[in-house]
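Here is a short report on selected backbone features. The model is a predicted one.

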2 protein chains.
Amino acid sequence: MKNLRGASIQYENNQLSILDQTLLPQHEQWVLCHTIDDMIHSIQRLAVRGASLIGVAASLSLAHFAEKNTDRDALRRAATALHRARPTAVKLQYCMNLMLAIIDDMTNSAAQIQSKIITLATNLFDEDVALDAGIAQYGVPLIVDGDNILTHCHTGALTGAGPGSALGIICAAHANKKIHVYVDETRPLLQGGRLTAWELGQNNIPYTLICDNMAASLMAQGKISKVLVGADRIAVNGDFANKIGTYNVAVIAKYHQIPFYVAAGWTSIDPECASGKHIPIEERNHAEVFGASGYFGQVRWAPDDAVAYNPAFDVTPADLITGWILDTGLFNQQDVLQGALRNAWLTQNEQRRVIRHSEVNGEKLCKHTQTLSKI
Amino acid sequence: MKNLRGASIQYENNQLSILDQTLLPQHEQWVLCHTIDDMIHSIQRLAVRGASLIGVAASLSLAHFAEKNTDRDALRRAATALHRARPTAVKLQYCMNLMLAIIDDMTNSAAQIQSKIITLATNLFDEDVALDAGIAQYGVPLIVDGDNILTHCHTGALTGAGPGSALGIICAAHANKKIHVYVDETRPLLQGGRLTAWELGQNNIPYTLICDNMAASLMAQGKISKVLVGADRIAVNGDFANKIGTYNVAVIAKYHQIPFYVAAGWTSIDPECASGKHIPIEERNHAEVFGASGYFGQVRWAPDDAVAYNPAFDVTPADLITGWILDTGLFNQQDVLQGALRNAWLTQNEQRRVIRHSEVNGEKLCKHTQTLSKI
């Protein structure tokens, strides 16, 4: 597999390594992922996190495995285990379903399976960069000078191969617009307080860190002009799952009549998901709510016998959303009601299918390649 | 001064001590408060916290000081400094204004000032117990079997001399009703995750600890039937200041059509405050948002160069409130529009003024004493 380098994942000289996001921003520690289990463990403990990244990382992990192992059953077991590593973000499932289609295609020889998995993994990595570029293309025009943008969780360069979705837009907009960002710390795992704050600082973008319960007060004071978040899975009716607390932000934004945008690539749409109520919500260990963890280890403030609830995501219904910023365009409620999200998925999926077929078969399809590079 | 014992403050054998709430629930450490500065420092670092407690504690601290020091100027400086220890909760100011009235009354001799301050301090302690009993009297009937009550911050026995306001109602209701409590952890200082969880556990009341950003998701699932919070200051139009995040909860409760109640004694009403916009909001050190602290010391997860916003309170407007539970009655929006809060304050203040006058002058006023004991 060719060398690949993202902000939080890299494949170099036959070694796959990930930046352990649980230790950021204080410690930048890269960790080798030798096995499928290494990657699954990294995804489950959120060392590797972000809706796009876990899809890309699982794909690279499978390709890395396929470099040395072409047994169909072993590959199927590996892809299935990766598929199940986390339940909510659909891109992981999208990527693994593509891999499983290769593995389960009985016309493929062992060598072809290996070759196609490796090609697909590298293409998914490259496509992720293109998706972010497309998201920024449609998102940046929404940002105006003087905007005070609230964002929740973390959607930057650490979450995939490219510059990110919501935070990718913010970083691109900052190049020629004067903006300021309010960063929800995003309990319990503090992706905002640790990662978004860090990436904004690295990009010299002015920001103010707040606790998740402070945004309503800022909105009442007129200090937030726009909300921009990412998505782990978007249903075709426009409902979407994202980090716990996103729905809270959407409700308070609606109350204060503040525009609320969700940004994601088309691969975050689930064409088989009619509405948000069908999105599975991962519940995580209560210990995450009992305290905090980071480079300092773990601390606990809750009583020893405490009981908690710890959903990793919530669902924001379409009627609270001002606009869906995809890599293929900006859609409003009317568009979504008319099926824009399903259509975007079907169109892009068919386009990618043709490109992939040609690539893995060594054909030259300049038209499609050009289409891809423009996105 | 006679011996007094609350859940988090005690005066025994001429020594005033406080339970350091910053170390709870893991460490129960009582600390002696020798001087006015000790008490101010304890209030400012939130070792002593809670709207009622800081008023009661400041009063006891001043009385303790007056036992050895009857210089009018020194007492005035002490009362003024305590008055200014924190700006938002009005009971502290209410108590210190009563003390300053004694100090500044030129008809009082040094011995009379001393005696009156000590009497007032012990009465304020005893009255606080009576206020909580009154709040419970009007609040408990609102709770029904099967209620899932969301509460924010901490309003229990640690916050004053009695069993508390919102949490006092919950504890009293638990005696003969089957209830469950969702506890907002209440960042940044985690009064919910540390103190409310602890007190509920001590009282064997079933609860579930959540991060502040999870309540909206629970509401959407129909899992919260009622919201009950305390208040640091209530304006006469019904707006009130309470721990940061309360306004957030009020907005999401309104969106989900869930009843939202605020519980407080009449001494939390500010008769000179026309609306919430006149309530001063304390801003605290950004370091509180950069990490967490407790018995374990301090941890920090935010980047070194982070900037934060850290208001300790927010203001919830009257139109989001279903009912105001005072020690003198339950009031709805119509009542409040008709001046019920101002009237409650004026009536109670006049009643207390007469009682205090009689008490410090050694008169017997059985009628008033009986009125007080019934509240």
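## A hairpin in chain B

β13(B) and β14(B) form a hairpin, with 2 residues between the strands. β13 of chain B covers residues 291-294, and β14 of chain B covers residues 297-300. Their pairing is antiparallel and runs over 4 bridges. Within this pairing, Ser293(B) stands opposite Gln298(B) of β14(B).

## Cis peptide bonds

Most peptide bonds are trans. The bond between Leu24(A) and Pro25(A) is cis, with omega at about 0°. Pro25(A) sits in the loop between β3 (15-19) and β4 (30-32) of chain A.

Chain B has a cis bond between Leu24(B) and Pro25(B), where omega is about 0°. The loop that holds Pro25(B) lies between β3 (15-19) and β4 (30-32) of chain B.

Most residues other than glycine have a negative phi. Cys153(A) is not a glycine, yet its phi is positive, at about 60°. Its place is the loop between β5 (148-151) and α6 (166-174) of chain A. Is Cys153(A) buried or exposed? Cys153(A) has a relative accessibility of 6%, so it counts as buried; the cut-off for buried is under 20%.

Asn204(B) is not a glycine either, and has a positive phi of about 55°. This residue lies in the loop between α7 (191-202) and β7 (207-210) of chain B. The relative accessible area of Asn204(B) is 63%, so this residue is exposed; exposed means over 50%.

Definitions and conventions. Residues numbered from 1 in each chain as written. Chains lettered and ligands numbered in written order. Predicted model: local features only at pLDDT ≥ 70, side-chain atom pairs only at ≥ 80, totals over all residues. Heavy atoms only, no water. Pairing = 2+ DSSP bridges. Buried < 20%, exposed > 50% of the residue type's maximum accessible area, 1.4 Å probe, protein only.
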